[in-house]
Amino acid sequence: MPKINITELLGDGIGPELRESVHAVAAVLPLDFNFIPFDLALENRESGDRNLFDKVIESMQQTKLALKYPTVTKTTSPNAVIRRRCDFSVILRPVISIQGIKSNFKEEVFLYIVRIATGGTYEDPGRVIGKDAAISVRIVERDPCRHAAKFAFEFARKKGLNVTSSSKHTIQKVTDGLFQSVVSEVHKDYPDIKHHVELFDALLAKIILHPENYQVVLVLNEYGDFLSDMASGLIGSIGTGASGNFSFTADDQIDIAMFDPAGGTAPDIAGRNLCNPTAILLAFGMLLDHIGRYDIGHELRLAMLASIAKGECTSDIGGKLGTREFTRVVCDRLKEKF
């Protein structure tokens, strides 16, 4: 069995505990993993190897796979450095209701948010004009739009889902209009996939009213940020989200893929066996899907979901287990399958 080489980007706060959970799960799966670690904890970034990020990117270019734990941003964001250096242009963020997690929203949510990871106003820090005004330039580029659109339609085709693209193209006619025109052009290559267009403000309301109508949702940078957090609120937990980040070759094929949890470093609970590893394990499951082992990724998700549904989970989502104990429960369920 060939080794699966994964560049592993270590983090701050609860990062070491999440890593322990991933390695415990990896040990019971019928695959041979080779984790290649790089320490991106703040202390090491500030006082360690000046060529650290060069070595990280070199490893990611070789393995084409990375798993990243939460990191602190002080002066420089590791996420921003890696995204820029690897040219990540698309983020996939599943937001799916989990039985056993209490929510104020009673309908089931089953969304795959495909977000363009570059551009928008996020690329421009803005500037002050005179004493009483400030501006920020909004950037939308054709290539990231095309990458995201092809990714969304390919993903929808594999899973038998529909695609909704959303923006404010009637108001932001140049920027959002470019996005929508690229999506429409790409859709011509996927006539078997149902595609419809929604204005973003209306989309937010319609997802709350009829979430069953929306499956793969394709959006620009800021819109994806807003939508991801809103959807996470609907399912009752921001802390169970995971993401995939993708760069592309010149012929629009996925090149490097990095997977990470949506949550932060949670320094207040770090080292106390209290953190919830669900998000990092979901990220690990997404990695397994990406390398063609959906069967194993699916079993990992089933093991976690069954545990959470029975209340065998961490305290933040209504359980009484610590990080290690929850991980052990998931591992025990996996051992029954493998």
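1. The lining of the second largest pocket, in this predicted model, divides by class into ten nonpolar, eleven polar and eight charged residues. There are 29 lining residues here, and Asn 79, Arg 115, Asp 260, Pro 261 and Ala 262 are the ones that lie nearest the centre of the second largest pocket. The space in this pocket comes to about 720 Å³.

2. Where does the lining of the second largest pocket come from? At least two residues each are supplied by helix H4 (78-86), S4, H8, S11 and S12. H8 gives the most, with four residues.

3. Next, the largest pocket, which holds about 1,300 Å³ of space. Its lining counts 47 residues, and the closest to the centre are Pro 94, Ile 96, Tyr 112, Phe 155 and Lys 159. Sorted by class, the lining of the largest pocket has 24 nonpolar, ten polar and 13 charged residues.

4. Several elements give two or more residues to the lining of the largest pocket. The strands are S4 (90-96), S5 (110-116), S11 (242-248) and S12 (254-261). The helices are H5 (142-159), H8 (221-234), H9 (278-290) and H10. The largest share, seven residues, comes from H5.

5. Lining the largest cavity are Ile 116, Thr 118, Gly 119, Gly 120, Ile 139, Val 140, Glu 141, Pro 144, Cys 145 and Leu 220. That lining has six nonpolar, three polar and one charged residues.

6. Helix H7 (residues 200-209) packs with H8 at an angle of about 15°, and the two axes are 11 Å apart. Because of that angle, H7 is roughly parallel to H8. The crossing of this pair is right-handed.

7. Which residues make the contact of H7 with H8? From H7 they are Phe 200, Leu 203, Leu 204, Ile 207 and Ile 208, and from H8 they are Tyr 223, Phe 226, Leu 227, Met 230 and Leu 234. By class, the residues of this contact are ten nonpolar, no polar and no charged.

8. H10 passes H11 in a right-handed crossing.

9. In the contact of H10 with H11, H10 brings Glu 299, Leu 300, Ala 303, Met 304, Ala 306, Ser 307 and Ile 308. H11 answers with Phe 326, Val 329, Val 330, Arg 333, Leu 334 and Lys 337. The residues of this contact divide into nine nonpolar, one polar and three charged.

Notes: Residues are numbered from 1 along each chain as its sequence is written. This is a predicted model: local features need pLDDT of at least 70, side-chain atom pairs count only at pLDDT 80 or more; totals for chains, interfaces and linings use all residues. Side-chain values use heavy atoms; hydrogens and water are left out. On a 1 Å grid over the protein atoms alone, a cavity is a set of points where a 1.4 Å probe fits but cannot get out, and a pocket is an open set with protein on both sides within 12 Å along at least five of seven lines; lining residues have an atom within 4 Å of a point. Ala, Val, Leu, Ile, Met, Phe, Trp, Tyr, Cys and Pro count as nonpolar, Asp, Glu, Lys and Arg as charged, and the others, Gly among them, as polar. A crossing is left-handed if the near helix is turned anticlockwise from the far one by less than a right angle, and right-handed if clockwise. Contact means heavy atoms within 4.5 Å. Grid points are joined across faces, edges and corners, and a volume is the space filled by probe spheres set on the points. Axes are lines fitted to C-alpha atoms, for helices over the stretch in contact, and angles run from 0 to 180 degrees between N-to-C directions. Angles under 35 degrees count as roughly parallel, over 145 as roughly antiparallel, 65 to 115 as roughly perpendicular and the rest as oblique.
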